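The following paragraphs lead the reader through the structure shown below. Please keep the sequence and the coordinates in view while reading.

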Amino acid sequence: MTEDKNDKGMGGVGAKSTKTCPKCGAKDVVLVPGRVGPFGTGNNIWMGVCIFSAVKVSRYVCGQCGFVEEWIDKKEDIEKIKRKH
Ligand SMILES: [Zn+2]
C-alpha cells in the first residue's frame, strides 16, 4: 500500500473547485465572472430593490452539456444574504 497525498478528488466537488463538470465530467468549464452593471445588468441576485445591495455571482458553465453552477464571489456577500434571509 502506498500512501498518496490525495489533495484533490476528496471534498471539493463542483465546477468551481475541480474545473470539471460534475454532470458529464468534461473539463470544458467556462467561468463567467459576476458583474453588477449600472442598471443591474449581468448576473446577480437581487437583495431587495436597492442596486447597492446586489450580490455578484460567478457562473461556471459547462461547454459540453450546458450545466451551470453559480457561486458568490465574496464572503461578505454571503454574509449579507445570510443576514437577510
Ligand atoms: Zn457537462
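Which residue in β4 stands opposite Y60? The residue opposite Y60 is E69.

The overall arrangement comes first. The protein has two helices and four strands, and from the N terminus on these elements follow the order α-β-β-β-β-α. Of its 85 residues, 8% count as buried. Among the contacts with a separation of 6 or more, 45% are between residues 24 or more positions apart.

The mean pLDDT of the protein is 74, and 62% of the residues reach 70 or more. Over residues 6–10 the pLDDT is below 50, and this stretch has zero contacts in the model beyond near neighbours in sequence. Among the elements, strand β1 has the highest mean pLDDT, 90, whereas strand β2, residues 44–45, has the lowest, 56. Where pLDDT is low, the predicted coordinates should not be read in detail.

Strand pairing can now be followed through β3. Strand β3 covers residues 55–62 and runs antiparallel to strand β1, residues 29–32, with four bridges between them. Within this pairing, V30 stands opposite V61. Strand β3 is also joined to strand β4, residues 68–72, by five bridges, again in an antiparallel arrangement. Besides the pair of Y60 and E69, this pairing includes R59, whose bridge partner in β4 is E70.

The hairpin of β3 and β4 has five residues between the strands, and G66 there takes a positive phi near 85 degrees. The loop between β3 and β4 also holds F67. Is F67 buried or partly exposed? F67 counts as partly exposed because 16 other C-beta atoms lie within 10 Å, and a residue is buried if that number is 20 or more. Leaving aside neighbours within four places in sequence, F67 is in contact with C21, K23 and C62. F67 and P22 are 45 residues apart in sequence, while their C-alpha atoms are 8.4 Å apart in space.

In soluble globular proteins, nonpolar side chains tend to be buried together. V29 touches A15, C21, Y60 and C62, and also K19, T20 and V61, when residues up to four places away in sequence are not counted.

K19, one of the residues touched by V29, lies in the loop between α1 and β1. Most residues other than glycine have a negative phi. K19 is partly exposed because it has 13 C-beta neighbours inside 10 Å.

Helix α1, residues 15–18, includes K16. K16 is partly exposed because it has 15 C-beta neighbours inside 10 Å. Beyond neighbours within four places in sequence, K16 is in contact with Y60, E69 and W71. The C-alpha atoms of K16 and Y60 are separated by 6.8 Å, although the two residues are 44 apart along the chain.

K56 and D77 are 21 residues apart along the chain, with their C-alpha atoms separated by 7.7 Å.

Conventions:
Residues numbered from 1 in each chain as written. Predicted model: local features only at pLDDT ≥ 70, side-chain atom pairs only at ≥ 80, totals over all residues. Buried ≥ 20, exposed ≤ 12 C-beta atoms within 10 Å, placed from the backbone. Contact = placed C-beta atoms within 7 Å. Pairing = 2+ DSSP bridges. pLDDT = per-residue confidence, 0-100.
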